Amino acid sequence: MKLTWLRVGVPALLLLPGALLWATPAQADDGESISRYVIDLTTRPDGSMHVHEAITYNFAGSGHHGIERTVDTQFEHGRNEIREYPISNVKASSPDAPADTKVEGGAVTTIRIGDPDKTVDGTRHYTLAYDVGGVTNSFSDHQELYWNVIGE
């Protein structure tokens, strides 16, 4: 049996300070859209951050098992260096859809939210939370957060 998951990804605008993100609705498959996508980033003194995402997804038909969120977790940094951003403590929930969670790591971390034995349609609401390690860059006079919030 082939399972169909929808990949989440839309352009976003970062509003600082406070690191609250609002994204515009985006088209996915024919007739499908993300009508709401809010991301809250909270940095921590140890250089990690907590990410909280609220996604409202409009499924245009049946046959989908949920959504798939991909997060780049390895980047080139200088010559012959790879910088890693480990993701941990992944939690997902939904008031109106199955929210079983499967996480696969690597250069890109894939988070699947749904149930491979059940399908969803219509408008569904998902909440995703996770921690990302080592995201701040330290300089002599400041710290920097450089993070591609939405990904590809």
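**Pairs and core in an all-strand chain**

Student: What does D121 count as at 39% relative accessibility?

Tutor: D121 counts as partly exposed at that value. Buried means under 20% relative accessible area, exposed means over 50%, and partly exposed lies in between, with a 1.4 Å probe and protein chains only.

Student: Before going on, what kind of model is this?

Tutor: This is a predicted model, in which local features need pLDDT of at least 70 and side-chain atom pairs count only at pLDDT 80 or more, while totals for chains, interfaces and linings use all residues. Residues are numbered from 1 along each chain as its sequence is written, and side-chain values use heavy atoms, with hydrogens and water left out.

Student: Back to D121, then. Which side chain meets D121 in a salt bridge?

Tutor: The side chain of R124 does, at 3.6 Å from N to O. A salt bridge here is a side-chain nitrogen of Lys or Arg within 4 Å of a carboxyl oxygen of Asp or Glu. R124 counts as buried, at 18% relative accessibility.

Student: How many salt bridges does the structure hold?

Tutor: The structure holds six. One of them joins R44 and D131, at 3.1 Å from N to O. R44 lies in the loop between β5 and β6 and D131 in strand β12, so this pair ties together parts that are 87 residues apart in sequence. R44 is partly exposed at 33%, whereas D131 is buried at 10%.

Student: Which residue forms a salt bridge with R112?

Tutor: E68 does, and the closest N and O atoms are 2.9 Å apart. R112 is in strand β11 and E68 in strand β6, so the two tie together parts 44 residues apart in sequence. Both also belong to a network of salt bridges that links E68, K102, E104 and R112.

Student: New topic: how many helices and strands are there?

Tutor: The chain has zero helices and 14 strands. Helices (H or I, at least four residues) and strands (E, at least two) are DSSP runs, numbered from the N terminus.

Student: Which residues touch the most other members of the largest nonpolar core?

Tutor: Y126, Y130, V132 and W147 do, within a core of 25 residues. The strands β5, β6, β11 and β12 each supply at least two residues of this core, and β6 gives the largest share, seven residues. A nonpolar core is a set of buried Ala, Val, Leu, Ile, Met, Phe, Trp, Tyr and Cys residues joined through side-chain atoms within 4.5 Å.

Student: And how many aromatic pairs are there?

Tutor: The count comes to four. Rings of Phe, Tyr and Trp (its six-membered ring) pair if their centres lie within 6.5 Å; planes under 30 degrees apart count as stacked, over 60 as edge-to-face and the rest as tilted. The centres of the Y57 and F59 rings are 4.7 Å apart and their planes stand at 50°, so that pair is tilted. For F75 and Y85 the centres are 5.5 Å apart and the planes at 75°, so the pair is edge-to-face. Ring pairs link F75, Y85 and W147 into a cluster.

Student: Last one: where is E84?

Tutor: E84 is in strand β8, residues 82-84, and is exposed, with a relative accessible area of 53%. Leaving aside neighbours within four places in sequence, E84 is in contact with T73, Q74 and G133, where contact means heavy atoms within 4.5 Å.
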